Amino acid sequence: MTPQILTPAVARRSPSAQTRVALVRPKKPLRWITTAAVAAVVVGLHAVAIEGTDFKPALLVDGWKGMAAFIGDAFPPDLSWEKTIRPGLEATLVTLWIGLLGTTLSVPFALLLAALAAENTSPHRLVYQAARSVLSFFRAVPDIVFALIFVTAVGLGPFAGVLALICHNTGVMGKLWAESMEEIDSGPQEALRTAGANRIQQVANATLPMVVPQFVGLLLYRFDVNVRSSLVLGLVGAGGIGLLINQSIKSFQFDSMLTHILIVLVLIIVVDQFSAWIRRRLAA
Amino acid sequence: MPLSVHGLRKSFNGRTVLEGVDFSVAAGELVAFLGANGSGKSTTLRCVMGITAPDSGSISIDGTALETLQGRDLQQVRQRMAMIFQKIHLVPRRTALDNVCAGALSRIPTVRSLSPLLFPADVQQEALDCLDRVGLADRALDRVGRLSGGQQQRVAVARALCQRADVVLADEPVSALDPHAAEQVMALLRELAHAEGLAVAAVLHQPDLALRYADRSIGLLQGSMTFDLPSTEITADHLDTLYAPDRDVSDRKSAA
């Protein structure tokens, strides 16, 4: 660079120069009116929502005694091994297995649908739209509804829960995976395309190996969520500790209920720590 | 002539990027493309490679005009060209060997290309030989992400070799590398041209590298060729027309 080239730029930046650059913001008189209107709408929606949900804190204050009696009945937790703890632990294992199978058995479906529903790997615009619609459907139907449907086919029990989780998790995980594939650097895929690789080869040798860490992270996150979902599925008859909690409430054995909830708490913490540990190992 | 290009034109949204580019690259020759940002160097390579569709012009590989071909025939001729990218575009989590094998995917049946574990043994052997030609056979089983930038770019060159290309197009192959690695990669490209008879065309941002390594340099200015000369005949005047600083200053003045 020679000084002659630099001179004009330097002169413009120096404070002693006669002409200074002025920042001109376009005037937007409507901006504060828009802000006020948006705020009014948000406040209005909340007012309607409070009305619509019978949201009355006074009821909670008046009725605290009922809550205290309920919780009081639960203390001390029932720690008898044969009657409560052993069935609780066994049912907790079932809950864990429901979550595990519901997650892993949905992997092939989620993988296929994700590859079809990501813009950079989908073979055709129509396939892309169709795959998106299928994923949206499985995501939109809650797992508990799937469980009720499967109970009518295979009867009460954990199998219905596994089937329900497979369906719902395929929708959620397929969507999450498709999005992470769309966010990945498309360079390696383009490089293989110029080398003459076909679409499947491009996906198998560039796109998929690039997204493996994100995929495993999302898989563990879904495992965590699915174990907790399978608790709720137990409440509608799909087996596991959820079923026991439901039964102990119905038979007014609140001390057993508390024990089961404590076992669940331990399970949730263990699963959470486990998936956090794997994800840390993966990131390193 | 492995690669010859005539009357290549391209415009994006009414803005002309290439107005009639003609050049050829002979076997055993390294040709450099020089020019300022936006002069059309990269667009030229991308048009030749088929990543960008040119508006008009003729591209011939070994005398076969690409525009006369379609479908599988076109693809087979295209595969004789390989591209090296500025951003390297390897898969960091896979080994150097697996990345090089990917250059041969067009010769591997789809079912055997679903995982590196299924790649045929002869392809793996050929990939190892390609890594040996770029001097990295000892790093074959290392993950690419663990290699330096210069080593990664050499793995990308090996991938191009494993594609069995006889034309190599390199789009700013050394722009992301430190000076020492840049020298190594340029020396490798020159060696592939001179010792193995490949036709190599490289877009470069560093005129001094072009003058030292390329047999011939082509200057592009706003989509037109200003010179096409043996690198030994290129003078400072030639380069000044490409990167003339006064153009830049007058732009700024008119903007102010």
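**Entry 1: the ground rules.** I am working from a predicted model, so I kept to local features with pLDDT of at least 70.

**Entry 2: the contact between the chains.** I started with the place where chain A and chain B touch. Chain A brings 24 residues to this contact, and chain B brings 29 residues. I then looked up the area buried between chain A and chain B, which is about 2,100 Å². Carbon and sulfur atoms give 60% of that area. On the chain A side, the residues that lose the most area to chain B are A:Thr194, A:Gln201 and A:Asn205. Together they account for 25% of what that side buries.

**Entry 3: pairs across the interface.** Next I asked myself which side chains meet in a salt bridge here. They are A:Glu190 and B:Arg46, at 3.8 Å from N to O. The rule finds one salt bridge across the interface of chain A and chain B. I also noted eight residue pairs in polar contact between the two chains, counting pairs with both residues at pLDDT 80 or more.

**Entry 4: the chain A side.** I wanted to know which helices supply this side. Helix 1 (3–13), helix 10 (187–194) and helix 11 (199–235) of chain A each give at least two residues to the side that touches chain B. The largest share, nine residues, comes from helix 11 of chain A. Sorting the residues of that side by type, I wrote down 15 nonpolar, six polar and three charged.

**Entry 5: salt bridges within the chains.** Over all chains the count comes to 17 salt bridges. A:Glu182 counts as partly exposed, because its relative accessibility is 29%.

**Entry 6: around B:Glu126.** In chain B, B:Arg107 forms a salt bridge with B:Glu126, with the closest N and O atoms 3.3 Å apart. B:Arg107 has 32% relative accessibility, so I put it down as partly exposed. B:Glu126 also forms a salt bridge with B:Arg164, and here the closest N and O atoms are 2.9 Å apart. B:Glu126 lies in helix 4 and B:Arg164 in the loop between helix 5 (149–162) and strand 7 (167–171) of chain B, so this pair ties together parts 38 residues apart in sequence.

Methods: Residues are numbered from 1 along each chain as its sequence is written. Chains are lettered from A and ligands numbered from 1 in the order in which they are written. Side-chain values use heavy atoms; hydrogens and water are left out. Contact means heavy atoms within 4.5 Å. Buried area is the accessible area (1.4 Å probe) that two parts lose on being put together, summed over both. A salt bridge is a side-chain nitrogen of Lys or Arg within 4 Å of a carboxyl oxygen of Asp or Glu. A polar contact is a pair of N or O atoms within 3.5 Å; within protein, one must be able to donate a hydrogen and the other to accept it, and residues adjacent in sequence count only if both atoms are side-chain atoms. Helices (H or I, at least four residues) and strands (E, at least two) are DSSP runs, numbered from the N terminus. Ala, Val, Leu, Ile, Met, Phe, Trp, Tyr, Cys and Pro count as nonpolar, Asp, Glu, Lys and Arg as charged, and the others, Gly among them, as polar. Buried means under 20% relative accessible area, exposed over 50%, partly exposed in between (1.4 Å probe, protein chains only).
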